[in-house]
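Here's a quick briefing to read alongside the model. Have a look at the fold first, then we'll go through the charges, the rings and a few single residues.

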Amino acid sequence: METEKTQTAAEQMTDRDLSEQIKKVTKESHVRAENTELMLSFQRGKVTLPQYKLLLCSLYEIYQALEEELDRNSNHPGVAPIYFPAELARQESIEKDLEYFYGPDWREKIVVPAATKRYCHRLRQIGKENPEFLLAHAYTRYLGDLSGGQVLGRIAQKSMGLKNSEGLSFFAFPGVSSPNLFKQLYRSRMNSVELMEEERNGVLEEAVRAFEFNIQVFDDLQKLLSVTENNLQSCLTHSKPVNAKGFQIPGTLISSSPLLRMVLGFFVALATVSVGIYAL
């Protein structure tokens, strides 16, 4: 009888843990995120170079926004306990990968869909208005990347035929010697954050929203890739002869179609990188 009471008390304590509550409310969204076309490509070992490059572009924008807001709010009581820039920060790692694939002028070549911009806007917004909500996004992104980082990194390397770890810095966490122990520490820090009931409910809602943003980004990236391929085929079929610098498309067509300008810019970058990759 005493054992049952102790077990019940332990379960009640666990149920009150913020990390467990987030896990519970995001369970359905987590499954949906794993079943997006982009994530399924990773799981099946069939991720392509264009998919990975587009993903990196969006991850750069997302982590730039997230980490700038975490830095700015590092002393906030809802952020300080889970602030681990030395161990978790991804922005510089992604910058290395982007430079590897796109070259030194990568900032001029990256392309992101509307969903990525909405995600970043939300991160900036809560950084100013509700810094404690950043906890939900940090948990969703960092622990997700930390959990699958090494495995996904190997999958990406094999799928894209990369001969070494160059271009895969995003998946490496040199400041974390034991991912499992670090995740335990991170969750305990999360659970130590003192929140009023309204704030806690807000964090839980934000965690669901974080997953939804990621799902939208994954879907938009796949759509952007499809549009890029379709427009490329159209350009190859209907454009004027190509000179040494690239495609010659009528100026009126380019000026009247922002989307076409975007996908053409992406393709030029992709073609440049692809030549380098296949030359290895």
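**Salt bridges and the rest**

Asp145 and Arg141 pair up through their side chains in a salt bridge, at 2.9 Å from N to O (a salt bridge being a side-chain nitrogen of Lys or Arg within 4 Å of a carboxyl oxygen of Asp or Glu). Keep in mind that this is a predicted model, where local features need pLDDT of at least 70, side-chain atom pairs count only at pLDDT 80 or more, and totals for chains, interfaces and linings use all residues. Residues are numbered from 1 along each chain as its sequence is written, and side-chain values use heavy atoms, with hydrogens and water left out.

**Overall fold**

- The protein chain has 13 helices and zero strands (DSSP runs numbered from the N terminus: H or I of at least four residues for helices, E of at least two for strands).
- Of the 280 residues in the protein chain, 47% count as buried (buried is under 20% relative accessible area, exposed is over 50%, and partly exposed is in between, with a 1.4 Å probe and protein chains only).
- Take the contacts in the protein chain between residues at least 6 apart in sequence: 82% of them join residues at least 24 apart (contact means heavy atoms within 4.5 Å).

**More on the salt bridges**

- The structure holds nine salt bridges.
- Back to the opening pair: Asp145 and Arg141 both lie in helix α9 (residues 134-160), four residues apart, which is about one turn of the helix.
- Asp145 is buried at 11% relative accessibility, and Arg141 is buried at 8%.
- An α-helix has 3.6 residues a turn, so residues three or four places apart point the same way.
- Glu69 and Arg72 form a salt bridge, with the closest N and O atoms 2.6 Å apart; these two are three residues apart in helix α5 (residues 49-72), about one helical turn.
- Glu69 is buried at 5% relative accessibility, whereas Arg72 is partly exposed with a relative accessible area of 48%.
- Glu69 and Arg72 also belong to a network of salt bridges that links them with Glu68 and Arg124.
- Lys109 and Asp105 meet in a salt bridge too, at 3.2 Å from N to O, and Asp105 is partly exposed at 32% relative accessibility.

**Aromatic rings**

- There are 12 aromatic pairs in the structure (rings of Phe, Tyr and Trp, the last by its six-membered ring, pair if their centres lie within 6.5 Å; planes under 30 degrees apart count as stacked, over 60 as edge-to-face and the rest as tilted).
- One of these pairs is Tyr100 with Phe101, edge-to-face at 5.1 Å centre to centre and 75 degrees between the planes; Tyr100 is partly exposed at 27%, while Phe101 is buried at 2%.
- Phe170 and Phe171 make an edge-to-face pair as well, 5.2 Å centre to centre with 65 degrees between the planes, and both are buried.

**Charges over rings**

- The charged end of Lys53 sits over the ring of Tyr102, 4.7 Å from its centre (the cut-offs: NZ of Lys or CZ of Arg within 6 Å of the ring centre and within 35 degrees of the ring normal).
- Arg90 does likewise with Phe173, its charged end being 3.7 Å from the ring centre.

**Asp97, without a partner**

- Asp97 belongs to helix α7 (residues 91-102).
- Asp97 is buried yet has no salt bridge, and the nearest side chain of opposite charge, Arg90, is 7.4 Å away (Lys and Arg count as positive, Asp and Glu as negative; His and the chain ends are not counted).
- Beyond its neighbours within four places in sequence, Asp97 touches Tyr52, Leu56, Gly167, Leu168, Ser169 and Phe170.

- Leu18, Ser19, Gln21 and Ile22 are buried in helix α2 (residues 18-25).
- These four cover an arc of only 165 degrees around the axis, so they are on the same side of α2 (the arc is that of the directions from the helix axis to the C-beta atoms).
- Lys23 and Lys24 are exposed on the other side of α2.
- Asp17 is in the loop between α1 (2-16) and α2, partly exposed at 24% relative accessibility.
- Asp17 and Arg187 are 170 residues apart in sequence, with their C-alpha atoms 8.7 Å apart in space.
- Leaving out neighbours within four places in sequence, Asp17 is in contact with Asn191 and Arg200.
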